[in-house]
Amino acid sequence: MIQVFRNFLALTPAIIVAIYFHEMAHASLFKKTTKTRRNFSFVSCVDPLGLLMYYMFQFGWSRPFPINYWKLKKNGLPVTILTIFSGPAMNLIIGVTAALFFKYTGLFRFSTLLARESYGQNYLLSYFSDVLYWIMVVNLKTSLFNLLPFPPLDGARLIEITAPDNQVDWLAKFEVYGLLSLVVLSILGIIQLIMWPVSRLVEFITGLII
């Protein structure tokens, strides 16, 4: 029970980092490109179901920063695609950076999540080590998970802005049910099955670095 509570305390900062910087990347690039003054609020980006997914599986979704991709597309398709991928790219950068820091500072030696015997020597260091571990894992998983073609994930946005005009109406109808599809597929275990190779890839990447 103590370890479960400890994991919750270590996982929470990692989830905050993943959500905040993912949506901030989208918002910053959109605001810079369109000169909009819409404010960014972290609280408004928290989706309860997506947050629950994070705690259960270390990947999930947030409520997207409101971006009119059709308006953005007028600035050019490359800029639009860059804006779409800015969130996953930011998560990837944070995940890799955390992994390198985790390794080369030697903090991995104190992680309770890696079954290190030395963590008990310093509880503060072991906590920060676990936080860094989750920042690494959660951000790498979030980066890859968001490429799936289900609204509100970024993979669906890419399909929307590159689809032929005669398919736009169909995609708009599908978007209404996108979140519901994610929830149902998660309950059925299908999303976890889809994410299984992604999780193994994340483990492989972290194994190479650590």
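Analyst: In this predicted model, 69% of the contacts with a separation of 6 or more are between residues 24 or more positions apart. The protein has 9 helices and 0 strands, and its pattern along the sequence reads α-α-α-α-α-α-α-α-α.

User: Why is Thr83 called buried?

Analyst: A residue is buried when its relative accessible area is under 20%. The value for Thr83 is 0%, so Thr83 is buried. Thr83 lies in helix 4, residues 77–104. Leaving aside residues up to four places away in sequence, Thr83 touches His26, Leu29, Phe30, Ile67, Tyr69 and Leu72. Across the protein, buried residues make up 43% of the 210 residues.

User: What makes the pair Arg6 and Asp130 a salt bridge?

Analyst: The criterion is a side-chain nitrogen of Lys or Arg within 4 Å of a carboxyl oxygen of Asp or Glu. For the side chains of Arg6 and Asp130 the N to O distance is 3.4 Å, so the pair is a salt bridge. Arg6 belongs to helix 1 (residues 2–34) and Asp130 to helix 5 (residues 123–145), so the pair ties together parts that are 124 residues apart in sequence. The structure holds 1 salt bridge.

User: Are Arg6 and Asp130 buried or exposed?

Analyst: Both Arg6 and Asp130 are buried.

User: What share of the accessible surface of the protein belongs to carbon and sulfur atoms?

Analyst: Carbon and sulfur atoms hold 69% of an accessible surface of about 11400 Å².

Definitions and conventions. Residues numbered from 1 in each chain as written. Predicted model: local features only at pLDDT ≥ 70, side-chain atom pairs only at ≥ 80, totals over all residues. Heavy atoms only, no water. Helix = DSSP H or I, 4+ residues; strand = E, 2+ residues; numbered from the N terminus. Buried < 20%, exposed > 50% of the residue type's maximum accessible area, 1.4 Å probe, protein only. Contact = heavy atoms within 4.5 Å. Areas by Shrake-Rupley, 256 points an atom, 1.4 Å probe, with all protein chains shown as cover.
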